[in-house]
Amino acid sequence: MSLREFLSDRLGQIVLQLSCAALTALFLLATGTQPGIIIILLAVVLTVLGTVLIVGFLRQRSRLRELEAVMAGLDQTYLFTECVPPPRNPYERRLFDLTRRAGRDMVGEVSDARAAQREYREYVERWVHEIKTPITAARLICRNLEGDTRRRLTFELGQVEAHVERALFYARAESPERDCVIRQTRLNEIVTQAVENHRTLLIQNNVRLETEGLDCCVYTDGKWAAFILGQLLQNAARYRGESPVVFISARPLGKQVQLTVRDNGIGIPAHELPRVLDRGFTGSNGRSRNGSTGMGLYLCKKLAGFLDLDLRLTSEEGEGTTVLLTFPAKENLTKM
């Protein structure tokens, strides 16, 4: 708090006190008191008032700095009301008591909300694992079918699995530290796993893959990185052009490794590029081809942030889309 703010807050009180002093001086002058005595009395009164104001300002500023220091030293600032120094007067005591009661109610609400969120996440994770059983059974049944029916049903089951997997990772993204394990992983194994997970979708859409320079190691969670790459492959298949091709390559950038995923699909309009990583954004392509949830690239961005992956996307409408994933060097990781 500055002196100017302090005086502004007490402007009414100061004006009242000065007015009273002036009226008192006029009264004394009217009753025949010598002007010299009145001047001395006014000087004494103004000195006392000024001293009271300065002392009050210094005490209040010191108190605020003390409270700010307590706040700055807390990792969980909502516990401030439980850690403040003892109140110095009845007003502070009452104010702190009200603030403490409000803070406790807030902490209780936050705890309840976190518990509900945790229970929901655990339910989703259990549901995902349970739903995989009937999906696997349906795939086995498909083997007894023939022709176009088998292909179509296998394709739809693949879509169901993709949505289920997305739901699982969305739930885990709220507390990624519970499931994520960063270790040295071969990049070609990550790419192979992502392709295998979406093999049916790629085959159904006649998507051809070309790879280069994947025989290197990166530091990441292989399962999470394969999920991110899988979302990119899904988008390449969904928004394909004629003779679709996905080119996946890697190159070293010092101690980092940059993975490039480039397709020759329909691309993204320039005015939509700044929003494609936003949650729920489907864009004109998603609306025209249906089935888009706007969650795939959002999850990629969120998971990449936790993995310390630098994700950048460029696109040109009618030409295709390029995604750059830069894996961090081991010494730059914050979650090893």
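## Basis of the description

The model is predicted, with local features requiring pLDDT of at least 70 and side-chain atom pairs pLDDT 80 or more, while totals for chains, interfaces and linings use all residues. Residues are numbered from 1 along each chain as its sequence is written, and side-chain values use heavy atoms, with hydrogens and water left out.

## The largest pocket

The largest pocket holds about 600 Å³ of space. On a 1 Å grid over the protein atoms alone, a pocket is an open set of points with protein on both sides within 12 Å along at least five of seven lines, and a lining residue has an atom within 4 Å of a point. A volume is the space filled by probe spheres set on the points, which are joined across faces, edges and corners.

Its lining comprises 27 residues, and Glu 161, Glu 165, Glu 196, Asn 197 and His 198 lie nearest the centre. Helix 6 (147-172) is among the helices that supply at least two lining residues, and helix 6 gives the most, with ten. Helices here are DSSP runs (H or I, at least four residues) and strands likewise (E, at least two), numbered from the N terminus. The lining has nine nonpolar, ten polar and eight charged residues; Ala, Val, Leu, Ile, Met, Phe, Trp, Tyr, Cys and Pro count as nonpolar, Asp, Glu, Lys and Arg as charged, and the others, Gly among them, as polar.

## The second largest pocket

The second largest pocket has a volume of about 410 Å³. Of its 15 lining residues, Arg 59, Gln 60, Arg 63, Asn 89 and Glu 92 are closest to the centre. Helix 3 (35-72) and helix 5 each supply at least two lining residues, with helix 3 giving the most, six.

## The cavity

One cavity of 30 Å³ or more is counted, a cavity being a set of points where a 1.4 Å probe fits but cannot get out. The largest cavity holds about 480 Å³ of space. Among its 34 lining residues, Asn 235, Tyr 239, Ile 268, Val 276 and Leu 297 lie nearest the centre. Helix 9 gives the most to this lining, with six residues. By class, the lining has 13 nonpolar, 16 polar and five charged residues.

## A residue of helix 3

Val 44 lies in helix 3. Val 44 counts as partly exposed because its relative accessibility is 47%, between the limits for buried (under 20%) and exposed (over 50%), with a 1.4 Å probe and protein chains only.
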